[in-house]
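Open the model in your viewer and keep the selection tool at hand. The stops below say what to pick and what can be found there.

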Amino acid sequence: MAKRVVIGNMKTTMNYDDVIAYIDRMKKELRYTGVILCPTSLYMPYFKEANFKLGLQNIFYENTGSYTGEILPSQAKSMKIKYTIIGHSERRNYLNESNTVINKKVKTAVDNKMGVILCIGETKEERTMMRTEEVLRKQIYMALKGIDNLKNVVIAYEPIWSIGTGLVPSKRDLEKTIKMIKHYIKEYKEGYEMNVLYGGSVNSENIEELVTIKEINGFLVGGASTKADEFLKIIDVVKGSN
Ligand code: PGA
């Protein structure tokens, strides 16, 4: 099995002082090359100076022009930031990001040879109504529509009811869902094998069991990635599972 990646989605919870202390600690103790940190863009230069592998939490779908407040792939590239998360559920929910917009973003990012971490996941209601499969399939098909080159795309399966709640699907459920996602990708692009990550309340306790699920090719860690201690423990377990 290829080395598992660990991606830190640091969201918006850290202030400047937290960031400086965090970088200091991680610089000294991070010993795994499979880690990509996605800090709030505002702090990117500090992370860059410390030589971490970096990703954005979001990107825009145009590559040139004036779009106040956005970050374009061309700009990311000029900073040598090679990865971006796209379609996180917080953006889908709070910022009304549709599958159509997400598709445009994936397209532009792929055209710019960026590594894309495409987030998909069902709500609690959709799960209760047994609609998980249909929802995930639609998210995959719409996000990847018209995109031929999937080489730099991975999917992060993040059930929305699991994000920030401490709830994690059972091992059996995860095995089943991740297999299904891989099947949909193969169906979408004949036989294509894509890596699928898991995200949602990953912490230093549940990671021990999560790494035993062989279908999972890596992890997208939210809250726990902003606490250096906790994140380093998670990374250690993942590293040991390779
Ligand atoms: P969480 O977030 O680990 O805090 O649940 C995961 C994510 O939103 O990517």
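Helices (H or I, at least four residues) and strands (E, at least two) are DSSP runs, numbered from the N terminus. With those names in place, note that the model is predicted, and begin with single residues.

**Two loop residues**

Select Asn51, which sits in the loop between α2 (44-49) and β3 (55-56). Its phi is positive, about 65°, although Asn51 is not a glycine. Exposed means over 50% relative accessible area. Asn51 counts as exposed because its relative accessibility is 69%.

Move on to Met130, in the loop between α6 (124-128) and α7 (132-143). Met130 is not a glycine, yet has a positive phi of about 60°. Its relative accessible area is 72%, so Met130 is exposed.

**A buried loop residue**

Now pick Ser204. This residue belongs to the loop between β7 (196-199) and α9 (207-210). Is Ser204 buried or exposed? The limit for buried is under 20% relative accessible area. Ser204 has 17% relative accessibility and therefore counts as buried. Show its neighbours next: leaving aside residues up to four places away in sequence, Ser204 touches Glu230, Lys233 and Ile234.

**The ligand**

Select the ligand and display what surrounds it. The residues around the ligand are Asn9, Lys11, His88, Glu158, Ser162, Ile163, Gly164, Gly200, Ser201, Leu220, Gly222 and Gly223. Several distances can be drawn here. From Asn9, a polar side-chain atom lies 3.3 Å from an oxygen atom of the ligand. At Ser201, a backbone N or O atom is 2.7 Å from an oxygen atom of the ligand. For Gly222, a polar backbone atom is 2.9 Å from an oxygen atom of the ligand.

**The enclosed space**

Rolling a probe the size of a water molecule over the atoms shows where empty space is left. How many cavities of 30 Å³ or more are there? The count is 1. The largest cavity holds about 50 Å³ of space. To outline it, select Gly87, His88, Ser89, Arg92, Cys119, Ile120, Gly121, Gln139, Glu158, Ile160 and Ile163. Both α4 (89-94) and β5 supply at least two residues each to this lining. By type, the cavity lining has 4 nonpolar, 5 polar and 2 charged residues. His88, Glu158 and Ile163, which line the cavity, are also among the residues around the ligand.

**The largest pocket**

Turn to the open spaces. The largest pocket contains about 430 Å³ of space. Which residues lie nearest its centre? Select Thr12, Ser41, Gln57, Asn58 and Arg91, which lie nearest the centre among the 20 residues of the lining. That lining divides into 8 nonpolar, 8 polar and 4 charged residues.

**The second largest pocket**

For the last stop, select Val5, Ile36, Tyr83, Val154 and Asn195. These lie nearest the centre of the second largest pocket, which is lined by 23 residues. Its volume is about 330 Å³. Colour β1 (5-9), β5 (115-120) and β6 (153-157): each supplies at least two residues of the lining. The largest share, 3 residues, comes from β5. In this pocket the lining consists of 13 nonpolar, 6 polar and 4 charged residues.

Technical notes:
Residues numbered from 1 in each chain as written. Predicted model: local features only at pLDDT ≥ 70, side-chain atom pairs only at ≥ 80, totals over all residues. Heavy atoms only, no water. Buried < 20%, exposed > 50% of the residue type's maximum accessible area, 1.4 Å probe, protein only. Contact = heavy atoms within 4.5 Å. 1 Å grid on protein atoms, 1.4 Å probe; cavity = no way out; pocket = protein on both sides within 12 Å on 5 of 7 lines; lining within 4 Å. Points joined across faces, edges and corners; volume = space filled by probe spheres on them. Nonpolar A, V, L, I, M, F, W, Y, C, P; charged D, E, K, R; others polar. Near = heavy atom within 4 Å. Polar contact = N/O pair within 3.5 Å; in protein donor to acceptor, adjacent residues only side chain to side chain.
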